[in-house]
Amino acid sequence: MPIPHQEMRRMIKRRIQGLSPRDRARVLREALAELPGYYSGPYGELRRWIEDQIAEATTRRGAQHHDAYFLARQGVAQVALVGPPNAGKSSLLHALTGRAVPVGSYPFTTVRPAEGMAVLHGAPVQLLDLPGLIAGGDEGRGDGRAVLAQIRVADGILFVESVVSDGTAEADVVRNLVQDAVPDLAWALVGTKADLANPEAVQSWQERAGGSAHVVCSTATGEGLDNVRQLIWALTGLLRVYPKPPGRPPAADAVVLPAGSTVRDFVRAVHRDWENHLGPVRVTGPSARFAGQTVARDHPLQDGDMVELSLKRR
Ligand SMILES: Nc1nc2c(ncn2[C@@H]2O[C@H](COP(=O)(O)OP(=O)(O)OP(=O)(O)O)[C@@H](O)[C@H]2O)c(=O)[nH]1
Ligand SMILES: [Mg+2]
């Protein structure tokens, strides 16, 4: 039998009185973990009140180092891991980048953004692990504004959601909030904790994802992580383009180029002197109508193309 919510609020207030912000946050997190899992009604209100208290306790601490909150861009692209508290964002950052970040079974484990590099097809892609977002985040609840500011400068958003069914309302709140605030950014969905969910829960999460790009994974078993890497690659829009010497097979290592790159960009990336000596260029792959198609310098390339360059005799 849960303690009636009003008594519970009084009890929590008593427990945090006079504590330092750090201890206050710890006690509040413990209280949140003990709360019945309702998101509506009096317990929902109590939950939101505790979340606000945690946000207050943790932002005051952060406010002294405000600059430390913003992560500089590194690598060839930046993708933000975004989701409700406790969804598994930090666990995913660790699984994909090896970066040691705090992971906890309570909400708001992450109070500052963290970053790590996922090396995808030889290219460093920066992943941002952001504090969990909650309803009202766009008005500043739970540091939401700072989180949104960080999302705005990213190249793509990976919404991280638990496929265990009881978090769907929170996940919807986050998606709507972020898409209203940053409507133009590319995004995709990752369903985490597949190892904890029954097949029906996984299926209903997939149905919610609908036609959007999505992948189910577990950081506990490693299941689906390669698919997550592919999803991130697609989000960045980066292109792998394989140089092919005439009469020989294509190189095993791709040249990685930004979205929208053309044959000219590729040539410049391979060898800066070649542009002036370039003969016909042939492309095989997704951007070509047929294998070995001769294309112009401004031909837009696609991920997975092979490009054969020939140089004019001097
Ligand atoms: N079994 C299982 N547990 C997971 C998985 N991913 C995360 N967890 C657990 O879920 C809890 C929350 O994980 P975190 O990675 O800290 O979640 P978060 O989204 O970063 O949470 P906040 O920083 O609080 O927003 C931890 O206890 C993790 O060990 C998973 O794939 N399987
Ligand atoms: Mg976290």
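## Overall picture

A residue counts as buried here if 20 or more other C-beta atoms lie within 10 Å of its own. By that test, 39% of the 314 residues of the chain are buried. The model is predicted.

The chain holds nine helices and 11 strands. Its C-alpha atoms fill a box of roughly 85 × 45 × 30 Å along the principal axes. Take the contacts between residues at least 6 apart in sequence: 63% of them join residues at least 24 apart.

## The six-stranded sheet

Six strands make up an open sheet with mixed pairing. Their order is β2-β3-β1-β4-β5-β6. The edges belong to β2 (114-120) and β6 (214-216). Each of these two has a single partner strand, so one side of each is left without a neighbour in the sheet. On average, neighbouring strands are turned by 25° against each other, direction ignored.

Inside the sheet, β1 (residues 77-82) runs parallel to β4 (residues 156-162), and four bridges join them. One residue to look at is Val82, whose bridge partner in β4 is Phe159. Helix α6 (residues 168-181) packs on this sheet and touches both β1 and β4. The direction of α6 makes about 165° with that of β4.

## Strand β11 and its partners

Strand β11 (residues 305-311) pairs with β7 (residues 239-243) in parallel, through three bridges. Val241 has Asp305 as its bridge partner in β11.

Strand β9 (residues 278-284) also pairs with β11, but in the antiparallel sense. Five bridges hold that pairing. Here Val283 stands opposite Val307 of β11. In a regular strand, side chains alternate between the two faces of the sheet.

## Helix α9

Which residues of α9 (residues 263-270) are buried? Val263, Phe266 and Val267 are. They cover an arc of only 100° around the axis, which puts them on the same side of α9.

The cover over these buried residues includes strands β7, β9 and β11. It also includes β8 (255-257) and β10 (293-295). Two of these strands, β7 and β11, are the parallel pair described above.

## Around ligand 1

The shell around ligand 1 has 24 residues. Gly88, Ser90, Ser91, Thr110 and Gly132 come nearest. Helix α4 (residues 89-97) gives the largest share of the shell, with three residues.

## Glu223

Glu223 sits in the loop between β6 and α8 (225-236). Is Glu223 buried or partly exposed? It has 13 C-beta neighbours inside 10 Å, so it counts as partly exposed. The cut-off for buried is 20 or more.

Setting aside neighbours within four places in sequence, Glu223 is in contact with Ala194, Asp195, Cys217 and Ser218. Lys244 lies 21 residues away from Glu223 in sequence. In space, their C-alpha atoms are 34 Å apart.

Terms used: Residues numbered from 1 in each chain as written. Chains lettered and ligands numbered in written order. Predicted model: local features only at pLDDT ≥ 70, side-chain atom pairs only at ≥ 80, totals over all residues. Pairing = 2+ DSSP bridges. Axes fitted to C-alpha atoms, helices over the stretch in contact; angles between N-to-C directions. Contact = placed C-beta atoms within 7 Å. Buried ≥ 20, exposed ≤ 12 C-beta atoms within 10 Å, placed from the backbone. Arc of directions from axis to C-beta. Near = placed C-beta within 6 Å.
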